[in-house]
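Subject: The structure, and what turned up in it

Hi,

Here is the structure for you to look through.

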Amino acid sequence: MPIAIKDIFCTRGVKTTCSSRMLANFVPPYDSTVVKRLKDAGAVILGKLNMDEFAMGSSTENSAFFKTLNPWDTSCVPGGSSGGSAAAVAAGLCAASIGTDTGGSIRQPASFCGVVGLKPTYGRVSRYGMIAFASSLDQGGPITKDVTDAAMLLNVMAGSDPLDSTSVDAPVPDYARGLKDGVKGLKIGIPKEYFIEGLDREVEGAVNGAIDALKASGAETVGVSLPHTEYAVGVYYLVATAEASSNLARYDGVKYGLRVDNAAGLLGMYRATRDRGFGAEVKRRIMLGTYSLSAGYYDAYYKKASEVRTLVKRDFDEAFKKCDVILTPTSPTAAFRLGEKVADPLTMYLSDIFTISCNLAGIPGMSLPCGFTSKGLPIGLQLLGRPMDEATLLRAAYTYEQGAGWHKKRPAL
Amino acid sequence: MKYETVIGLEVHAQLLTDSKLFCGCRTRFGAGPNTQVCPVCLGMPGVLPVLNAKAMDYALKMALAVNCAVNKKSVFARKNYFYPDLPKGYQISQYSEPLAEKGFIDIENLGSARRIGITRIHMEEDAGKLLHGEGPDEEGASLVDLNRTGVPLIEIVSEPDIRTPDEAVSYLKAIRDILVYLEICDGNMQEGSLRCDANVSIRPAGEKKLGTKIELKNMNSFKFLKDAVVYEIDRQTEAVESGERVIQETRLFDPSAGVTRSMRTKEEAHDYRYFPEPDLLPLIVGEDDIEKARSSMPELPAGKKARFIKEYSIPAYDAGVLTAHRRLADFYESSVRLFGEPKTVSNWVMGELLRLLNEHSKDITDSPVTPEKLAALLKLVKNGDISGKAAKEVFEEMFTTGRDAASIVNEKGMTQISDEGELARAVDEAIGRNPDSVEKYRAGKTKLLGFFVGEVLKATKGRANPGLVAELVKKKLS
């Protein structure tokens with residue numbers, strides 16, 4: 001199976017750049033566990049895919065090298081940060097791809113590009129060799145043409161790894177096996193906090209259509225509440241940036257990667273290297289994160305955010321007492337235009353408003369196509385599941401997909 | 001005015017594990033630069049730490065040895081700062097939730113016992129080493145050796161219970177002895193496997209509030225620790241008496257000048273931005289882990305010394321010397337088991353054996369004389385086969401050649417002459433040669449007994465049994 005890999009996964013002997021000038025010529029001497037498992041399973045690694053630098057972004061416009069276009073409308077972004085991964089699958093350049101998701105970076109581009117994207121439970125897939133953005137949120141997963149491929153790829157990727165202490169030591173079920181078991185009696189939670197002002201009319205319509213279709217297949221819907229949703233974006237940008245500020249400290253010009261050595265002294269080398277090596281968004285997040293961890297601010301920012309994160313997690317625990325999966329839109333809008341949000345980071349951050357809570361809670365989530373806008377742009381449906389219950393997500397997604405048939409539509413390129 | 005000194009020590013001990021704290025790299029000292037490194041300890045992109053279970057076991061042993069309470073859950077944290085010897089840009093350590101807390105040790109200082117509290121023990125990884133001015137081409141270039149990066153350390157933090165420079169040294173020695181006894185650290189301060197920082201402040205005698213503390217660094221011997229603290233007390237006392245204020249800062253000890261110098265003030269101190277290490281789960285220590293550590297712990301120095309005094313009826317001084325090193329104590333006990341006579345064995349071990357070990361810069365574990373060989377030698381003396389004087393000669397030969405006593409004694413014909421007929425002949429000859437002395441002896445100058453014994457020993461090249469000779473002389477001249 002020809003598979004392409006987001007350029008955040010280390011590939012032995014093959015350049016791994018994270019779409020950053022900092023690692024423009026970095027060739028790792030090791031494979032990430034995900035890549036190793038794919039190779040062992042007989043996959044052919046076709047190549048590496050563009051992304052937002054260090055996975056920081058929602059449009060892939062933060063790549064240090066080039067922009068990736070949306071195959072459905074090349075004036076639009078493919079989403080991000082796994083924009084290359086989603087666009088490559090949508091355009092038929094590979095059978096499937098691998099992405100990573102820290103706050104929606106698999107699901108949002110999958111939604112924008114009309115493909116299936118699955119972010120597994122935190123710890124289900126090894127993070128070894130996957131370049132860290134925010135260690136407590138990052139998770140690798142498949143981006144595929146349909147749900148069946150996602151299940152099959154997850155079978156290969158999932159499982160505990162002695163090289164990753166945070167990987168979960170639990171047996172991996174055959175995710176492809178129960179796909180056809182249907183959704184009769186499945187309880188689908190509809191969280192009121194996700195159907196809000198600012199949600200695009202066409203997106204809302206398509207998602208409601210999907211709810212009706214699942215009901216017609218025998219599922220039941222139940223209203224649920226995730227009351228701390230409004231804090232999720234704030235919490236995310238404190239926790240993720242704090243971890244990132246530390247994770248990206250290793251890029252200092254000393255050992256590997258870029259070194260700009262035209263300034264005097266050690267401090268000068270550090271400054272010049274990091275100034276030249278990192279793009280604006282990466283620098284912005286390092287500064288934010290450094291700030292929230294600093295003496296005198298830690299309690300009010302990082303610590304408080306960690307506490308609220310627990311509340312977000314608790315919301316889901318409560319909701320899953322009433323339902324088996326939660327259904328929401330993946331993103332409030334379909335793909336936006338290239339350049340549209342570059343100048344306004346805050347608006348850009350809000351395009352992840354529906355996907356972020358899932359990472360904070362560590363639960364699995366996936367996006368699959370549920371229609372198109374009048375302009376012909378794909379719309380994504382998000383399903384969220386209980387920890388380690390990817391199987392139920394995949395079964396619900398498969399049932400809907402087979403009835404709706406959106407996955408058969410391809411962009412005219 | 002009289003001042004009281006308040007000292008607390010932070011001791012870093014490198015653990016003697018075969019591999020590093022978070023990867024499988026070797027930890028051997030003195031290997032070629034950057035030969036014991038891998039992607040994990042080099043901090044390459046995407047790699048993750050995995051805790052070395054043995055390091056945890058070692059750390060637990062120390063925690064138990066110094067009476068700490070082990071926390072069931074402890075948390076690794078990142079200490080963030082930039083330096084070329086720190087490849088990840090952060091050190092994985094433990095911060096607000098350490099492995100163990102609230103312990104103590106009893107130390108002896110100038111004959112009196114003192115209890116020093118242990119605030120906490122936590123695990124962390126070591127940093128690498130920078131070599132300045134050794135670059136092959138570039139002037140002023142620094143080289144980075146990352147072999148030491150990721151070597152497991154424990155940090156043992158004392159309460160500010162120490163009051164004098166001598167007490168600080170006694171405390172550090174006690175901590176080192178325990179570490180070495182547990183065989184979890186080699187205790188070598190020169191090579192840096194044991195390091196110590198001291199927090200020193202003074203306050204008017206009787207005052208309860210702590211004074212402004214100064215952190216002292218770079219003391220890589222007991223002597224330097226003492227010198228640095230002594231200097232610092234004088235410096236702070238002078239400052240206070242002349243109306244200055246002591247400012248909180250970190251000072252570096254300069255051993256060649258014997259002074260401390262300001263390194264950075266509180267304002268310049270790093271903000272390490274500690275936060276929980278997301279790449280590692282909280283460390284959960286179970287009862288079984290503690291039991292495992294406890295069950296494999298050896299008897300500790302203080303307990304062993306007390307037992308030696310009681311069990312072997314040897315003086316406290318002997319017991320102290322013999323238990324200073326675990327393997328020396330083992331050697332002593334094995335020898336006593338084989339030979340008996342604990343005080344005789346103690347004399348030999350403390351005397352001849354330690355002297356030769358020192359002269360040859362050898363460790364007890366490398367001693368060519370084993371307890372079996374020592375016991376065999378002592379048996380020869382006890383049976384009267386050789387004299388005590390000859391035994392010392394034989395012992396030295398055993399030490400340098402590794403041979404056993406009997407073969408040396410045989411080869412050199414050093415066997416003691418105890419045959420009465422043979423000795424009687426030699427005594428007769430000596431009496432015959434010295435009629436004057438015989439007369440004086442008989443006239444009451446019995447001190448001349450020694451002279452006759454000496455004559456016989458001379459004639460027999462020292463092999464005559466001196467006790468028997470003396471008896472024969474007395475009998476013949478009476």
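Across the interface of domain 1 and domain 2 of chain B, the rule finds two salt bridges (a side-chain nitrogen of Lys or Arg within 4 Å of a carboxyl oxygen of Asp or Glu). R327(B) pairs with E183(B) in a salt bridge whose closest N and O atoms are 2.6 Å apart. On the side of domain 1 of chain B that touches domain 2, the largest share, three residues, comes from helix α2 (residues 165-181) of chain B. Helices are DSSP runs of H or I with at least four residues, strands are runs of E with at least two, and both are numbered from the N terminus.

Before you read on, please note that this is a predicted model, in which local features need pLDDT of at least 70 and side-chain atom pairs count only at pLDDT 80 or more, while totals for chains, interfaces and linings use all residues. Residues are numbered from 1 along each chain as its sequence is written, chains are lettered from A and ligands numbered from 1 in the order in which they are written, and side-chain values use heavy atoms, with hydrogens and water left out.

Back to the domains. Chain B is divided into domain 1 (3-292), domain 2 (299-412) and domain 3 (420-477), with bounds from an automatic or database domain assignment. The C-alpha centres of domains 1 and 2 of chain B lie 37 Å apart. Seven residues of domain 1 of chain B are in contact with eleven residues of domain 2, where contact means heavy atoms within 4.5 Å. These two domains of chain B bury about 700 Å² between them, and carbon and sulfur atoms give 55% of that. Buried area is the accessible area (1.4 Å probe) that two parts lose on being put together, summed over both. D177(B), Y181(B) and E183(B) supply 74% of what domain 1 of chain B buries against domain 2, more than any other three residues.

Now for the two chains. The contact takes 39 residues from chain A and 30 residues from chain B. Together the chains bury about 2700 Å², 61% of it on carbon and sulfur atoms. S165(A), S246(A) and R250(A) supply 21% of the area that chain A buries against chain B, more than any other three residues. How many salt bridges does the rule find across the interface of chain A and chain B? It finds one: R127(A) with D279(B), the closest N and O atoms being 3.1 Å apart.

D279(B) also meets R78(B) in a salt bridge (3.1 Å, N to O). R78(B) lies in strand β4 (residues 76-80) of chain B and D279(B) in the loop between β15 (275-276) and β16 (283-284), so the pair ties together parts that are 201 residues apart in sequence. Both R78(B) and D279(B) are buried; buried means under 20% relative accessible area, exposed over 50%, and partly exposed in between (1.4 Å probe, protein chains only).

Another salt bridge joins E4(B) and R203(B), with the closest N and O atoms 2.9 Å apart. E4(B) sits in strand β1 (residues 3-14) of chain B and R203(B) in strand β11 (residues 194-204), 199 residues apart. E4(B) is partly exposed at 26% relative accessible area, whereas R203(B) is buried at 10%.

Happy exploring!
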